[in-house]
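I opened my notebook to get to know a new structure, one look-up at a time. Come along and check each entry as we go.

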Amino acid sequence: MFSWFLRAPKQAVARYDVALVPTELRRLGAELSKKIQADDLAPETLLFSGGLLDSLAFIDLVMRVEEHFGIELGKVVEVTPSSFDRFGDLQAAVTQAVVR
């Protein structure tokens, strides 16, 4: 009945190495879009308006990124497909959240 109350508290996550953010984001993005290779994801790459990801992939991307890096993107930026249309915008938000 009150199982939410009995959940274990979140464990503190060790800070992620900021230098690894671009490489790991490219890997995660390429896993979600079979239309592009990780090495082809540049800061100016358009993820959504370029047709690489759709709205369902956006949700999956946000969830994977937050879990992988141990962050909450909503604390540093409004989480919408338009705020992460450019790969560089996603990379900047994740880097900002990691160093917080």
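Predicted model: local features only at pLDDT ≥ 70, side-chain atom pairs only at ≥ 80, totals over all residues.

**Entry 1: the overall layout**

I looked up the secondary structure and found three helices and zero strands. Reading from the N terminus, I wrote the order down as α-α-α. The protein has 100 residues, and 35% of them are buried. I then checked contacts between residues at least 6 apart in sequence, and 58% of these join residues at least 24 apart. The protein exposes about 6600 Å², with carbon and sulfur atoms supplying 57% of that area.

**Entry 2: the core**

Which residues have the most contacts inside the largest nonpolar core? I found Val 65, Phe 69 and Val 94, in a core of 26 residues. Helices α1, α2 and α3 each supply at least two residues of this core. As background, I jotted down that nonpolar side chains tend to be buried together in soluble globular proteins.

Val 65 touches Leu 25, Leu 28, Gly 70, Ile 71, Leu 73 and Val 94.

**Entry 3: helix α3**

Helix α3 covers residues 87-99, which is 13 residues. From first C-alpha to last, α3 reaches 19 Å, close to the 18 Å expected at 1.5 Å a residue. The buried residues of α3 include Phe 87, Leu 90, Gln 91 and Val 94. They pack against α1 and α2.

Gln 91 and Leu 25 are 66 residues apart along the chain, yet their C-alpha atoms are separated by 7.1 Å. Not counting residues up to four places away in sequence, Gln 91 touches Val 21, Pro 22 and Leu 25.

Among the buried residues of α1 are Val 21, Glu 24, Leu 25 and Leu 28. What covers the buried residues of α1 includes α2 and α3.

Is Glu 24 buried or exposed? Glu 24 counts as buried because its relative accessibility is 17%, under the 20% cut-off. Glu 24 forms a salt bridge with Arg 27, with the closest N and O atoms 3.0 Å apart. These two residues are three apart in α1, so about one helical turn separates them. Arg 27 is partly exposed, at 32%.

Arg 27 also meets Glu 31 in a salt bridge, at 2.6 Å from N to O. Glu 31 and Arg 27 are four residues apart in α1, about one turn of the helix. I then saw that Glu 24, Arg 27, Glu 31, Asp 60 and Arg 64 are linked in a network of salt bridges.

The structure holds six salt bridges. Another one I looked up joins Asp 89 and Arg 86, with the closest N and O atoms 2.7 Å apart.

**Entry 4: a patch on the surface**

Leu 56, Ile 59 and Met 63 form a nonpolar patch on the surface, with about 340 Å² of accessible area together. Leu 56 lies in helix α2, residues 55-69. Leu 56 counts as exposed because its relative accessibility is 63%, over the 50% cut-off.

Key: Residues numbered from 1 in each chain as written. Heavy atoms only, no water. Patch = residues over 30% accessible without salt bridge, like charges linked within 9 Å, V, L, I, M, F, W, Y side chains within 5 Å. Areas by Shrake-Rupley, 256 points an atom, 1.4 Å probe, with all protein chains shown as cover. Salt bridge = Lys/Arg side-chain N within 4 Å of Asp/Glu carboxyl O. Buried < 20%, exposed > 50% of the residue type's maximum accessible area, 1.4 Å probe, protein only. Expected span 1.5 Å × (residues − 1). Contact = heavy atoms within 4.5 Å. Core = buried A, V, L, I, M, F, W, Y, C linked by side-chain atoms within 4.5 Å.
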